[in-house]
Amino acid sequence: QATEKKPIAAKLLIETSGVSAAVIKSLVDKQIFEEYYINTDRVSFEKEENYEIQLSASQQIALDNIQDKFTQFDVNLFHGVTASGKTEVYIKLIEAFLQKDKQVLFLLPEIALTTQLVQRLTAYFGNEVAVFHSKYNSNERVEVYNHVLQNSEKAKVVLGVRSALFLPFSNLGLIVVDEEHEATYKQQDPAPRYQARDTAIYYANQLGAKVVLGSATPSIETYYNAMQNKFGYYHLKERFSEGALPQMQIVDTKKQSEQSAILTPQLLEAIQTTVAKNKQVILFQNKRGYAPYMICETCGWIPHCKQCDVSLTLHKGKNMLSCHYCGAAYPVVQTCEACGKQSFKQKSFGTEQIEEKLALALPHINIARMDLDNIKGKNEHDHLIQQFEK
């Protein structure tokens with residue numbers, strides 16, 4: 001009881017004491033122990049003790065400014081440079097709405113961003129946070145749905161991707177749309193096709209809620225609306241703790257040979273220098289698989305999916321061609337269906353090929369790949385991010 005503040009599970013007691021279940025049962029029968037059942041949620045979060053957020057002077061001004069503008073505008077654009085500390089301002093805004101006993105919806109463009117935000121929000125708000133996205137199974141999502149429907153204490157803040165908009169809110173006070181410029185807020189397929197940011201604004205208007213659109217690079221239409229005084233606007237221009245903005249270097253890969261177009265000499269040198277300082281490196285590539293498509297060098301024919309009519313991606317590890325729309329798999333093509341020649345060439349490159357090339361060029365460093373082929377369950381995703389963090 002000194003280590004566990006919660007009720008002690010019978011299973012844990014048996015493991016710790018090394019006795020049999022019969023011993024526990026007889027102690028219960030003699031009324032030395034009291035046994036009872038507790039309904040627990042499939043997903044629950046612990047609040048961190050003594051987790052406080054101190055806003056800097058510029059963050060406090062931003063918070064005050066947005067709260068003032070809510071009296072005039074229902075929608076506010078919060079334009080803060082990268083690493084200006086927008087999340088802390090969001091947390092304080094959310095806190096103000098929770099004190100009014102309102103529900104809050106925090107929208108993110110993709111699942112990849114939820115892990116670190118879940119950690120930060122749950123550390124501050126504890127089990128008042130519920131998470132809703134496609135990596136959760138149906139039972140977990142139904143649980144969140146019911147908590148929102150009942151206006152439960154366990155779903156005062158809902159953190160989710162675009163589909164979280166369709167949860168049955170009854171007392172919604174605030175919607176935060178983080179990274180509002182992201183294209184992933186727009187659902188192209190399947191129906192219903194909608195732009196979650198615009199739907200959030202419409203939905204908030206229906207329910208009398210407020211909206212904060214956050215971005216370091218606002219979309220043109222949002223920025224225009226702010227400049228036309230349709231939306232409130234606040235620009236946070238300085239980084240948190242006055243960190244310098246990163247240096248950028250653009251490298252023209254077309255001037256490189258085909259072999260060094262993926263890992264240019266400049267990139268390899270920068271990676272080696274960074275690793276030598278015992279620092280970490282992130283490489284982004286927006287295509288998974290080994291090569292986004294294969295092409296016949298003789299006639300230019302490209303293998304397409306028979307159902308979707310999109311080019312097939314080569315996956316070298318699985319030795320197959322895959323359609324990223326419907327998930328259909330095909331054997332790797334050796335002979336061209338158009339001219340009959342065996343002259344196929346891989347075009348462009350995906351995450352799988354970068355990983356392979358990097359392992360050959362720098363065999364001494366640890367490399368992890370994060371994409372849909374590599375990360376299956378929601379826990380694998382969290383596990384990889386935690387490994388990287390440590």
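Axes are lines fitted to C-alpha atoms, for helices over the stretch in contact, and angles run from 0 to 180 degrees between N-to-C directions. The legends below describe a predicted model, in which local features need pLDDT of at least 70, side-chain atom pairs count only at pLDDT 80 or more, and totals for chains, interfaces and linings use all residues. Residues are numbered from 1 along each chain as its sequence is written, and side-chain values use heavy atoms, with hydrogens and water left out.

**View 1. Overview of the protein chain.** The secondary structure comes to 11 helices and 12 strands; helices (H or I, at least four residues) and strands (E, at least two) are DSSP runs, numbered from the N terminus. Along the principal axes, the C-alpha atoms fill a box of roughly 80 × 70 × 50 Å. Of the 390 residues in the protein chain, 39% are buried. Buried means under 20% relative accessible area, exposed over 50%, and partly exposed in between (1.4 Å probe, protein chains only).

View 2. Two packed helices are described by the angle between their axes and the distance between the axes. The axes of helix H4 (residues 86-99) and helix H5 (residues 114-125) come within 11 Å and cross at roughly 40 degrees. H4 and H5 are therefore oblique to each other; angles under 35 degrees count as roughly parallel, over 145 as roughly antiparallel, 65 to 115 as roughly perpendicular and the rest as oblique. Their crossing is right-handed. A crossing is left-handed if the near helix is turned anticlockwise from the far one by less than a right angle, and right-handed if clockwise. For helix H3 (residues 57-69) and H4, the axes come within 10 Å and cross at roughly 45 degrees. This pair, H3 and H4, is therefore oblique, and H3 passes H4 in a right-handed crossing.

**View 3. Asp101 and its salt bridge to Lys156.** The whole structure holds 12 salt bridges, a salt bridge being a side-chain nitrogen of Lys or Arg within 4 Å of a carboxyl oxygen of Asp or Glu. In the one between Asp101 and Lys156, the closest N and O atoms are 3.2 Å apart. The pair links distant parts of the chain, 55 residues apart: Asp101 is in the loop between H4 and strand E2 (103-107), and Lys156 is in the loop between helix H6 (138-149) and strand E4 (157-160). Asp101 is partly exposed, with a relative accessible area of 43%, whereas Lys156 is buried at 4%. Phi of Asp101 is near 65 degrees, a positive value in a residue other than glycine.

**View 4. Asn151 in the loop between H6 and E4.** Asn151 is found in this loop and has a positive phi of about 55 degrees although it is not a glycine. Most residues other than glycine have a negative phi, and most peptide bonds are trans. The relative accessible area of Asn151 is 23%, so Asn151 counts as partly exposed.

**View 5. A salt-bridge network that includes Arg197.** Glu180, Arg197, Asp198 and Glu221 are linked in a network of salt bridges. Between Asp198 and Arg197, the closest N and O atoms are 3.0 Å apart. Arg197 is buried, at 3% relative accessibility; Asp198, at 39%, is partly exposed.

**View 6. The salt bridge between Arg369 and Glu355.** The closest N and O atoms of Arg369 and Glu355 are 2.7 Å apart. Arg369 lies in the loop between helix H10 (351-361) and helix H11 (378-389) and Glu355 in helix H10, so the pair ties together parts that are 14 residues apart in sequence. Arg369 counts as buried at 14% relative accessibility, and Glu355 as partly exposed at 24%.

**View 7. The loop between strand E5 (172-178) and helix H7 (196-207).** Gln188 is found in this loop and is exposed, with a relative accessible area of 55%. A cis peptide bond, with omega of about 5 degrees, joins Ala191 and Pro192.
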